Amino acid sequence: MSFWFWHGLRKGVQSTRYPARAENTPGVSPGRPVNTDFSSAEEARRAAAICPTDAIIAHGKSTYINHGKCVHCQLCLRSLPSPMNWEPGYEWTRLPSNRAESLPLPSAFAKSMHIMVVDAGDCGACLRELKQLNNPLYNMHRLGFFLTATPRAADLLLVVGPVSENMRGPLLKTWEAMPTSRKVMAVGACAISGGVFGKSFMCACGVSSVLPVDFEVPGNPPPPLAILHGLLVVAGRKSVGPVQESPKGDTAPWR
Amino acid sequence: MAIIAGLSLGAIFVVCAGGVLFSAVLGRKHIPAVLAIAGAFSAILMALTSAAVLLAHQAFEVGLWILDGFGRFTIHLDPLSSIFLFASGVVYFSISLFVGSFLRNQGDDAHPTLHFSILYFALMAAVVLILVAGDTVLFLISWECMSILCFLLINYDPRGQSDKSAGYIMLAMSEAGFLAVAVAFLLLARSAADLSFASLRSASGSLSPQALWLTFLLGFFGFGVKAGLVPVNFWLPRSYTAAPPVFVPVFAGITLNLGFYGILRLNADLMHAGFGTGLLALITGSVTALVGILYATTDGDMKTMLAHSSIENAGIIVAAVGAFLVFRALDQPVAAALAVSAALYHMANHSVYKTLLFEGAGHVEAATDTRDMDRLGGLARVLPGLSAIFLVGCLAISAVPPFNGFVSEWMTLQALLRSAILASTSVRIVFALCGAALALTAALAVTCFVKVYAMNFLGIRRGTWEPQARTQAMSKFPLAILAVVCLLLGILPTYVLPILSESVEPLAGASVTTALVQPFFTATPQNAQLPAAFLQDFHNLGAQTGKGFVPGRGLVVLLRGLEANPVVFAMSPSYSVVALALLLVVTWFVVTRLTKRRTLARRPLWAGGIPRLLPLMTYTGTGFSNPVRVVFQAIFRPNITEDTRQTVAVHFRTAIHRQREETHVVDRLLLKPIGAAVQWLAAFLAGMHHGRLNAYIAYVLAFLLLVLFFYRGG
Ligand code: SF4
């Protein structure tokens with residue numbers, strides 16, 4: 001006979017207090033590289049050269065990060081004599097580079113949002129992080145977020161994976177089947193920029209080449225709290241994270 | 001009135017004979033027309049005859065010639081048989097038109113022969129004779145004719161392809177039943193003056209309880225075979241499935257009823273079957289209903305499934321008859337009248353909607369050449385008219401108001417609930433359990449017919465069949481009549497119950513009209529048929545709406561109780577249908593008003609994002625009924641063999657072949673053991689045949705000594 005209810009009562013509430021309070025428990029987020037000023041241009045070039053997905057761009061002595069491409073391999077942290085700066089935190093949700101602003105869902109959805117998840121060819125990592133949102137620690141139901149299996153009832157289309165050729169059609173069908181108040185959120189570096197897959201004849205290189213994306217959650221995979229932040233942004237209960245500065249006079253898509 | 005009844009009864013036989021004659025004279029091409037016209041005409045005469053008897057409030061009796069050694073043949077048409085005759089008339093009217101239009105639209109090789117025409121009209125005459133027979137000999141002769149004609153019609157197959165075994169099983173069971181019935185009648189006749197029903201009735205009072213029990217058991221077995229009761233109904237699904245589509249409606253709508261007629265005539269009219277026999281009938285009926293609906297829900301063949309559903313309905317009817325016998329034996333005439341009128345009502349309803357459904361199944365089979373519900377689908381677009389009519393049948397049989405199945409099933413359950421007035425706790429428990437079984441049956445029936453309608457008519461086409469043009473040409477009129485009858489029987493119970501009352505009053509000793517149809521239209525505070533306060537209360541509820549311009553006693557079915565509990569139960573489908581229709585209109589109006597400014601977007605069907613929805617991917621009947629199959633695993637006890645082919649390792653399967661075999665629970669628990677026992681006995685006795693001559697001589701000697709010993713005195 002198990003006394004799970006008794007154990008439960010004794011342990012008290014274990015769910016994270018986020019978003020009411022910041023969650024600072026060690027390990028909830030792997031952190032991420034940020035723009036770094038090096039002491040010489042050579043160091044900056046070496047940092048840019050080590051990045052497998054060209055997420056780091058050297059500009060003089062400085063390096064700039066495109067988080068949409070960073071796959072969290074941590075080479076720039078561990079394999080460089082002078083590493084990139086690394087920041088903790090998880091409120092990373094941002095607007096796609098081609099958008100000046102995205103509106104959240106109408107306020108009626110703030111406390112009740114139904115999410116349709118489409119796996120457009122992901123490796124399983126982002127899905128695994130997403131799944132954590134249902135566990136007692138993150139427990140997104142307390143915030144009024146629910147997964148649904150039918151696009152007819154969904155308010156948010158959450159896409160993970162780089163959109164492989166075989167998933168392009170189903171993804172579009174799902175989007176078309178949703179009510180028009182829908183929002184689209186790309187989760188993970190692959191869904192934002194194609195990640196390690198890049199553009200190929202079998203891969204569409206990110207959701208934005210198929211659908212209009214409203215919000216992006218960078219990370220590879222983004223930790224559960226980052227995804228939760230994304231959901232809160234879509235629901236209009238949080239604003240997008242801080243924008244990484246881009247080098248002056250450069251028109252490349254930076255954010 | 002008696003003249004009318006006699007003339008039209010005679011005319012039935014004349015028309016039947018005329019039908020045969022015209023079929024012979026006009027030739028094969030015109031037989032469908034003859035079947036339709038002569039059949040419909042004699043069906044109208046059946047209804048006329050019975051209506052004449054019911055309206056005249058007296059039985060019609062005429063003695064025929066005397067047969068040496070058997071006594072006088074008598075025709076006796078009383079209200080009980082009139083009810084059955086009327087139901088048969090209504091159903092036969094539709095069936096005859098259906099048969100005509102069906103056969104006309106078949107290919108030339110399926111054209112009926114004179115042979116079919118003779119069998120069809122002979123069966124019609126035999127059915128009428130059974131219902132009007134006033135003595136044992138005529139009854140038994142026509143019963144036997146009916147059995148043999150049914151057997152011949154099952155095997156009627158101009159193309160000569162069908163499997164004959166179903167017909168033989170049916171014939172064997174019918175003959176066993178016939179013998180049992182004959183012995184039962186002879187037991188009754190032992191102390192009677194002659195073989196007429198009247199003298200059997202007067203003689204049955206002197207029978208000992210043991211003889212009554214034996215008569216009941218024999219009769220219950222014999223008639224139970226025809227009525228499809230567990231455990232002697234294994235022939236029924238087989239033969240319904242094997243029978244030609246034009247003939248199955250006759251089975252379900254006509255000959256099944258003869259079983260109930262026999263049970264009622266023998267146990268309720270000719271003798272007063274006791275309390276124990278009633279309980280036995282009640283339990284058998286409930287078990288039959290449950291077993292029937294379980295197999296109906298899980299069966300994938302449309303005809304077999306409808307056959308199992310007939311078994312279910314037979315169970316409900318016999319359970320009500322059983323409740324009637326118990327109530328009557330315990331001196332509760334009102335409850336008994338309620339139970340038996342529920343049984344008769346359900347009998348009529350079942351023959352109407354089951355005929356409709358079987359005719360619909362015939363249409364579907366003709367249109368698609370398949371009966372497999374896993375392969376049908378999307379027929380609503382191909383046959384919209386048939387779809388609407390079939391839907392009425394499905395709603396009626398699932399007991400959904402405002403159709404007729406609701407009224408009779410509701411009355412049956414109410415009758416079982418009346419066991420509250422019985423003194424014995426154990427009897428009350430039996431009633432409660434049987435009531436629970438019937439309630440479960442009713443719930444499963446809804447599942448079952450949701451499946452039938454949804455899998456056949458909705459969704460997309462799952463099989464490779466192409467809709468055949470010849471079905472579009474087939475007339476839907478015969479089915480439409482029955483659909484209208486379903487609706488009328490469903491919304492006008494207060495006009496049907498007085499007619500039933502006529503036939504059940506002599507059996508139960510109380511009138512259902514006075515018990516159930518309260519005179520809200522005729523009662524005034526002065527004449528005190530109803531207490532003034534009671535009348536006032538119900539006037540406020542609207543029970544007197546329509547007084548003055550609607551004929552009859554009232555539109556509310558209501559059983560009054562004692563002071564503390566003035567209303568035991570009440571309902572009024574007539575008012576509810578009006579109220580529901582008004583509600584529907586108001587709702588429609590409000591919703592359209594509220595959503596006027598809303599734009600409506602139509603998108604393609606959501607099918608999980610797959611490139612194309614293939615028919616094989618859609619939900620099938622088997623999938624739909626699987627929950628029932630899983631829950632009742634203990635009853636079905638399937639034998640599942642799974643054969644998996646794989647190429648390299650367990651993860652690379654190329655084909656999974658899953659086979660599921662079921663033995664019907666009755667076959668498994670009853671027939672298999674009996675068969676095994678007989679074979680064991682035969683093997684044991686075969687030990688005598690060892691071939692030694694001297695031992696054989698010893699057998700002869702021993703037998704001779706035995707005979708001499710017994711006859712030593714004489
Ligand atoms: S973590 Fe890896 S992918 Fe991300 S910026 Fe550093 S080197 Fe590039």
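**Briefing: chains A and B of a predicted model**

In chain A, with 255 residues, 47% are buried. This is a predicted model, in which local features need pLDDT of at least 70 and side-chain atom pairs count only at pLDDT 80 or more, while totals for chains, interfaces and linings use all residues. Residues are numbered from 1 along each chain as its sequence is written, chains are lettered from A in the order in which they are written, and side-chain values use heavy atoms, with hydrogens and water left out.

**Chain B overall**

- Chain B has 28 helices and six strands; helices (H or I, at least four residues) and strands (E, at least two) are DSSP runs, numbered from the N terminus.
- The C-alpha trace of chain B spans about 105 × 90 × 65 Å along its principal axes.
- Of the contacts in chain B between residues at least 6 apart in sequence, 77% join residues at least 24 apart, where contact means heavy atoms within 4.5 Å.

**Two sites in chain B**

- T513(B) sits in helix α21 (residues 512-516) of chain B and is buried, with a relative accessible area of 11%.
- The side chains of T513(B) and S501(B) are joined by a polar contact of 3.1 Å (a pair of N or O atoms within 3.5 Å; within protein, one must be able to donate a hydrogen and the other to accept it, and residues adjacent in sequence count only if both atoms are side-chain atoms).
- Leaving aside residues up to four places away in sequence, T513(B) touches L497(B), P498(B), S501(B) and R553(B).
- I421(B) lies in the loop between α16 (404-417) and α17 (425-457) of chain B and counts as partly exposed, at 35% relative accessibility.
- With the same exclusion of residues up to four places away in sequence, I421(B) touches Q332(B) and A335(B).
- I421(B) and V517(B) are 96 residues apart along the chain, and their C-alpha atoms are separated by 20 Å.

**Chain A overall**

- Chain A has seven helices and 10 strands.
- For 255 residues a compact globule would have a radius of gyration near 18 Å, and the 19 Å of chain A agrees with this.
- Along its principal axes, the C-alpha trace of chain A spans about 60 × 45 × 35 Å.
- Helix α1 (residues 4-11) of chain A has eight residues, of which zero are buried, so the helix lies largely in the open.
- G12(A), which follows α1(A), has a positive phi, near 75 degrees.

**Contact between the chains**

- The contact takes 12 residues from chain A and seven residues from chain B.
- Chain A and chain B bury about 640 Å² between them, 50% of it on carbon and sulfur atoms; buried area is the accessible area (1.4 Å probe) that two parts lose on being put together, summed over both.
- Between chain A and chain B there are five residue pairs in polar contact, both residues at pLDDT 80 or more.
- On the side of chain A that touches chain B, the largest share, five residues, comes from helix α5 (residues 165-177) of chain A.

Conventions. The radius of gyration is taken over C-alpha atoms; the globule rule is 2.2 Å times the number of residues to the power 0.38. Buried means under 20% relative accessible area, exposed over 50%, partly exposed in between (1.4 Å probe, protein chains only).
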